[in-house]
Amino acid sequence: MVGTLDDATITEYFRNKSVLITGSTGFLGKILVEKILRVQPGVRRIYLPVRAADSAAARRRVETEVVGKELFRVLREQHDGGFDDFIMEKVVALAGDVTHEAFGIDATTLRDLQLADELHVIVNSAATTNFYERYDVALDVNVMGVKHMCAFAKKCPNLEVLLHVSTAYVAGEKQGLVQEKPFRDGETLRDGTHLDMDVELRLAKDVKKQMEADPDSPPKAERKAMKDLGLSRARHFGWPNTYVFTKSVGEMVLGMEMRGEGNVPAVIIRPSIITSIKNDPLPGWIEGTRTIDTFIIGYAKQNLSCFLADLNLIMDVMPGDMVVNAMMAATAAHASPPPQPPAVYHVSSSLRHPATYAVLYRTGIRYFEEHPQVGPDGRAMRAHKMRFMGNITAFHLFMIIKYRLPLEILRLLSILCCGLFGLASLYNDLDRKYRFMMRLVEVYGPFSLFKGFFDDVNLNRLRLSMAENGIDHVGLFNFDPKTVDWDNYFSNIHIPGVMKYVFK
């Protein structure tokens with residue numbers, strides 16, 4: 001880490017810089033693009049590779065899925081009628097794909113833009129975050145995408161820093177203190193196993209080829225087989241799902257590729273659960289369904305009456321704008337010092353300022369009591385209490401007795417009555433809710449019962465380097481969770497944001 005940082009230093013770092021950001025159509029990517037443009041209009045260019053057929057289609061995607069979003073309202077107001085011209089000057093949409101070499105950008109465009117010579121910063125926030133993703137797709141995006149990015153970075157003579165966004169949950173289901181340290185090559189979370197990336201790539205390719213060669217295998221069967229393969233390989237090596245497993249492998253690839261003389265500094269950002277914007281530019285703004293938001297939405301729709309969670313366990317969350325602030329601070333701090341192993345930052349709250357799941361439940365009940373949902377009959381629905389169970393065996397037993405057995409009885413009655421009296425419709429509705437709940441538990445259970453907490457000593461050093469006002473500094477690039485009143489944040493910012501921007 002070089003020198004000390006303050007708001008002015010970080011802002012000034014991005015002046016006249018060219019930055020390439022993958023994953024700009026995602027939640028975190030959008031916030032980063034907006035923040036750079038708003039705080040440093042003197043940035044030279046921001047290049048955004050997106051999946052598109054050609055450059056015109058890429059521009060349309062960026063216009064509609066990035067800069068056209070409500071998130072950019074403050075920036076639009078700042079530039080008044082000149083917003084479109086400002087975006088045209090600063091933002092370059094590129095037709096590309098991170099699963100291909102050179103981000104999938106065609107050679108002519110690379111040559112015309114002199115992109116390799118132009119870039120100072122690469123930020124990789126592209127990922128498939130589906131916990132139950134096809135194995136081949138997850139490997140392509142979360143692993144090979146990193147490999148291709150590193151290969152391109154080595155061709156950029158003026159590159160100063162490469163920042164890769166991972167997740168704190170590469171820790172799997174570890175308990176206790178999880179340190180900020182990179183993975184070793186081939187490291188796994190299960191004793192007696194060793195990870196070979198080439199073997200995993202070959203396995204995914206072979207299984208896919210076998211499924212495609214079977215004329216009796218429908219596309220749906222192939223999709224399921226590839227998803228099941230990803231989950232089984234993740235669990236074989238000690239990770240709970242395909243997403244965090246392949247993100248871990250991606251970190252290993254980054255470490256291997258950027259090791260040695262002549263490589264630029266690499267930074268790994270590991271956020272915990274990313275939630276809605278707390279402060280700027282638009283408090284409560286959120287896109288997509290975060291882990292904990294599935295619980296909020298399920299409760300709002302009254303699809304959840306019980307859930308697998310221990311209300312006393314820590315719910316590690318960080319608002320999206322604070323994650324981006326940490327990303328920009330880390331970028332400025334690590335630009336161009338001597339190469340070294342990737343610096344790892346846990347952007348998390350569980351150690352410094354923890355909030356339990358009880359906070360989410362308490363604020364959720366309060367919100368829905370004050371803002372009741374309206375039922376199909378036009379009447380306000382009363383907020384109901386939920387049952388939480390902190391043991392997975394007890395939860396499954398409860399679900400069988402309370403729901404599965406009555407459902408089977410209802411199904412038999414429906415068959416005997418030939419679907420009359422609305423029994424078939426009732427069964428289908430209740431069965432859908434039951435399967436929804438069990439799917440949530442299967443996917444999110446490891447997170448709701450997670451008993452680890454994330455060491456943030458590296459991030460704290462970065463905070464301490466924010467020298468202007470010391471550790472109590474709350475400014476343009478605040479990423480200190482101690483500045484967050486979690487009750488107020490969930491009651492007045494996050495839950496209203498989820499209901500406004502995500503709930504359907």
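How many aromatic pairs does the count come to? The count comes to 17 aromatic pairs, and two of them are described below. Please keep in mind that this is a predicted model.

1. Seven strands make up an open sheet in the order β3-β2-β1-β4-β5-β7-β11, and their pairing is parallel. The edges belong to β3 (91-95) and β11 (343-347); each has a single partner strand, so one side of each is left without a neighbour in the sheet. From one strand to the next, the twist averages 20°.

2. Now look at two of the pairings inside this sheet. Strand β7, residues 266-271, runs parallel to β11 and is joined to it by five bridges. Here Val267 stands opposite Ala343 of β11. Likewise, β4 and β5 run parallel, with four bridges between them. In that pairing, Val121 has Val161 in β5 as its bridge partner.

3. Strand β5 deserves a visit of its own. Five of its five residues are buried, so β5 is largely enclosed by the rest of the structure. Both of its faces are covered: Val161, Leu163 and Val165 are buried on one side, and Leu162 and His164 are buried on the other.

4. What lies across β1, β2, β3, β4 and β5? Helix α2, made of residues 27-39, lies across these strands, and it runs at about 165° to β2. To locate the strands, look for β1 at 18-22, β2 at 45-50, β4 at 121-124 and β5 at 161-165.

5. Next comes a pair of helices. The axes of α12 (residues 291-300) and α18 (residues 486-501) come within 10 Å and cross at roughly 75°. Angles of 65 to 115 degrees count as roughly perpendicular, and α12 and α18 are therefore roughly perpendicular to each other. On the α12 side, the contact involves Ile292, Asp293, Ile296, Ile297 and Ala300, which meet Phe490, His494, Ile495, Val498 and Met499 of α18. The residues of this contact divide into eight nonpolar, one polar and one charged.

6. Back to the aromatic rings. A pair of such rings is described by the distance of the centres and the angle of the planes. Among the 17 aromatic pairs, Phe103 and Phe152 form an edge-to-face one, with 5.2 Å from centre to centre and 70° between the planes. This pair links distant parts of the chain, 49 residues apart: Phe103 sits in the loop between β3 and α6 (107-113), while Phe152 belongs to helix α8, residues 135-153. Both Phe103 and Phe152 are buried.

7. Tyr169 and Phe450 make another pair: their ring centres are 5.3 Å apart and their planes stand at 70°, so the pair is edge-to-face. It also links distant parts of the chain, as Tyr169 and Phe450 are 281 residues apart. Tyr169 is in the loop between β5 and β6 (176-178), and Phe450 is in the loop between α16 (423-448) and β13 (452-454). Tyr169 is buried, with a relative accessible area of 6%. Phe450 is buried too, with a relative accessible area of 6%.

8. There is also an aromatic cluster to find. One cluster is formed by Tyr135, Phe183, Phe237, Trp239 and Phe245.

9. Is Arg382 buried or exposed? Arg382 is exposed, its relative accessible area being 69%. You will find Arg382 in the loop between α14 (357-370) and β12 (387-389). Along the chain, Arg382 and His371 are eleven residues apart, and their C-alpha atoms are separated by 9.8 Å.

Methods
Residues are numbered from 1 along each chain as its sequence is written. This is a predicted model: local features need pLDDT of at least 70, side-chain atom pairs count only at pLDDT 80 or more; totals for chains, interfaces and linings use all residues. Side-chain values use heavy atoms; hydrogens and water are left out. Two strands pair if DSSP finds at least two bridges between them. Axes are lines fitted to C-alpha atoms, for helices over the stretch in contact, and angles run from 0 to 180 degrees between N-to-C directions. Contact means heavy atoms within 4.5 Å. Angles under 35 degrees count as roughly parallel, over 145 as roughly antiparallel, 65 to 115 as roughly perpendicular and the rest as oblique. Ala, Val, Leu, Ile, Met, Phe, Trp, Tyr, Cys and Pro count as nonpolar, Asp, Glu, Lys and Arg as charged, and the others, Gly among them, as polar. Rings of Phe, Tyr and Trp (its six-membered ring) pair if their centres lie within 6.5 Å; planes under 30 degrees apart count as stacked, over 60 as edge-to-face and the rest as tilted. Buried means under 20% relative accessible area, exposed over 50%, partly exposed in between (1.4 Å probe, protein chains only).
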